Amino acid sequence: MLRNQSRRDFIKTVGAGAVAATLPSWIYSCGRGQKPPNILFIMSDDHAAHAISCYGSRINQTPNLDRLAAEGMRFDNCFCTNGICAPSRASILTGKYNHLNGMLDNKLEFDGSQPTLPKLLKPVGYRTAMIGKWHMKSEPTGFDYYKIVPGQGKYFNPDFQVKETWPETVTESGYVTDVITDEAIQYMQNADRRQPFLVMCHHKAPHRPWQPHPKHWKQFRNREIPEPPTLFDDYEGKAEAVKNAEMTLEHHMHPLDTGGISPPEGLKGKELIRWRYQLYMRNYLACIASIDENIGRILDFLKESKLEQNTIVAYTSDQGFFLGDHGWFDKRFMYEESLRMPLIIRYPGLVPNGSVSKEMVLNVDFAPTFLDFAGVDIPADMQGESFRKILRGRTPRHWRQAMYYHYYEYPAWHMVDAHYGIRTQRYKLIHYYGYTDEWEFFDLKNDPRELKNGYNMPEYQATIARLKNELYALQTYYKVKKPIPKQIEKSETSLF
Ligand SMILES: [Ca+2]
């Protein structure tokens, strides 16, 4: 609602009785002297935090994401609850773990009849739009407008599906990150300023197989990228589930992952890993350069359009990614590089500039937080917590000290065994339970790179026993059904 617009005028403008009936809570609980914020939620796909310079990247620069962080809050401990695409997206929309929203893996279809963030915002006057990668098979629900790429989408001249002609596709010319940004800007430009908007702008990039825009590829094609310290992890003392995963640079990388180029004949071992790492990273980072450039475009647009002050801008990725860490590409494991989501949030006047939070926030917290900002009551069955107070620089008493993770997709590409686990500020305990029955324990203070599995070390036994109790308590709290099936029903899968 515009600052000088009266409630009666607003009701007249919006019209619908259902909207009018819910307005008081909208005004009084959200009011706080401010009109409700627009929400621009920008999410990329597989963008690891350690490929963002304000997170301390050693391998690239992201000046526009750094600018967003300088004007807002950076979260250093934001985690996904299941480290693959569609499940994380479902948790973001529903505020629930996957065993409750049904999206256990990438192969299932999202049940669009359940309550979601956009559906809950609409009755209080929000216009809602979903632009870019959706990846949950069923038609998006709860959005006034959507323009999504089918499946994984294409990097060049991408196809889109729109509400009016679902599931037919229309092709747009250009590079996918530019096109999705154009579409999001166009939507916001044309939005009726009397109503707040929720725009979910979901990039396809930097998802595999990496195909950068030629102008960004030129920046990286001759660059030597520093290697990660765990590039040659030998997995000694680790679970068989880790040793057997099919996501190593050495044995499992496809020529498509290295720009369609096969390695020189005879190259093997560490030299092959090094060769593949360089090509993989050049393509991946060049895709991110386009993301960063487009973040700059969208921030400039908000400023020029005078939308800056009353728009929450969030940047995240559906989960992290292994950038040669532990000799891997891809994600899925509960290891730090894949578990961690980048999260930067700007809301001028409320979020302190250049602030950093070490509190543990999760993808299931996003929906409750945005609902809280909009003055909407958070449904009792949402499992996430609002971190609005943290954004104001005040951590609520009794904020979570441990998080629960659960990955299900096995057997599938990369053959990562099903596992669940608990992470606290210092420790991590993981149980692989699909085809194996193994545990891993890491002391993140003494072993931040997760190289030493301490599960059988005598000095950690008391800690491990305590963590197991906390882990099982979290499973009960989050209503995880027991016994947990070792494998979920399988359907078709795709290479990437
Ligand atoms: Ca992803």
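## Exercises on a predicted model

By class, nine nonpolar, five polar and seven charged residues line the largest pocket. Here Ala, Val, Leu, Ile, Met, Phe, Trp, Tyr, Cys and Pro count as nonpolar, Asp, Glu, Lys and Arg as charged, and the others, Gly among them, as polar. The model is predicted: local features need pLDDT of at least 70, side-chain atom pairs count only at pLDDT 80 or more, and totals for chains, interfaces and linings use all residues. Residues are numbered from 1 along each chain as its sequence is written, and side-chain values use heavy atoms, with hydrogens and water left out.

**Exercise 1.** State how much space lies in the largest pocket, and which residues are closest to its centre.

*Solution.* Start with the term. On a 1 Å grid over the protein atoms alone, a pocket is an open set of points where a 1.4 Å probe fits, with protein on both sides within 12 Å along at least five of seven lines; lining residues have an atom within 4 Å of a point. Next, the volume: about 620 Å³. Then the lining: 21 residues, with His50, Asp325, Glu337, Arg340 and Arg449 closest to the centre.

**Exercise 2.** Find the protein donors of the calcium ion and the parts of the chain that they join.

*Solution.* Donors are N, O and S atoms within 3.2 Å of Ca; water is not among the atoms, so the site may look incomplete. The donor residues are Asp45, Asp46, Cys85, Asp318 and Gln319, with donor atoms 2.2 to 2.9 Å from the ion. Gln319 gives both OE1 and NE2. Their spacing in sequence reads D-D-x38-C-x232-D-Q. Asp45 sits in the loop between strand S1 (38-44) and H3, and Gln319 in the loop between strand S9 (311-317) and helix H11 (336-339), so this pair ties together parts 274 residues apart in sequence. Helices (H or I, at least four residues) and strands (E, at least two) are DSSP runs, numbered from the N terminus.

**Exercise 3.** Locate the cis peptide bond from Arg208 to Pro209 and the one from Lys482 to Pro483.

*Solution.* Take Arg208 to Pro209 first: omega is near -10°. Pro209 lies in the loop between strand S8 (197-202) and helix H8 (214-220). Now Lys482 to Pro483: omega is near -5°. Pro483 is in the segment after helix H14 (461-477). For background, most peptide bonds are trans.

How values were computed
Points joined across faces, edges and corners; volume = space filled by probe spheres on them. Donors = N, O, S within 2.8 Å, 3.2 Å for Na, K, Ca; no water.
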